[in-house]
Amino acid sequence: TLRVPPSSGARAAHSAKGLLHRLLPDVWVHTDNYRGKGCGPSPGMGIRLTAESTTGVMLTAETCLDPTRDARGAVLPEDLGTKAAAMLLE
């Protein structure tokens, strides 16, 4: 997350974990929240989920808020987390 409350990232992570826990018992999600001059002037949020198979194959899904479509904050962090988890499971 960039320039948004840390709870937004936690909400997205919790929602992604909720969907993934239906299939897998061992799910870990790490969140980062950046503030200050190094992160740019605009707020934003994205999520990247990576899964490793038992044979070492890595699968990744990534999504973020689209500022042109989501300008009014119509997408909740929970929706973003669920979308990323669903993309990973496809």
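Predicted model: local features only at pLDDT ≥ 70, side-chain atom pairs only at ≥ 80, totals over all residues.
The secondary structure of the protein chain consists of 2 helices and 2 strands, arranged along the sequence in the pattern α-β-β-α. The C-alpha trace extends over about 40 × 25 × 20 Å along its principal axes. Among contacts in the protein chain with a separation of 6 or more, 66% involve residues 24 or more positions apart. Of the 90 residues, 27% are classed as buried.

With regard to charge, 10 positive and 9 negative side chains are present, and the centres of the two sets are separated by 9 Å.

Helix H2 comprises 13 residues, spanning residues 77-89. The distance from its first C-alpha to its last is 19 Å, close to the 18 Å expected at 1.5 Å a residue. Within H2, the buried positions are Pro77, Leu80, Gly81, Ala84, Ala85 and Leu88. Viewed down the axis of H2, these buried residues fall within an arc of 130°, so they line one face of the helix. The cover over the buried residues of H2 includes contributions from helix H1 (6-20), as well as from strand S1 (46-52) and strand S2 (58-64).

Technical notes:
Residues numbered from 1 in each chain as written. Heavy atoms only, no water. Helix = DSSP H or I, 4+ residues; strand = E, 2+ residues; numbered from the N terminus. Expected span 1.5 Å × (residues − 1). Buried < 20%, exposed > 50% of the residue type's maximum accessible area, 1.4 Å probe, protein only. Arc of directions from axis to C-beta. Contact = heavy atoms within 4.5 Å. Lys, Arg positive; Asp, Glu negative; His and termini not counted. Charge placed at Lys NZ, Arg CZ, Asp CG, Glu CD.
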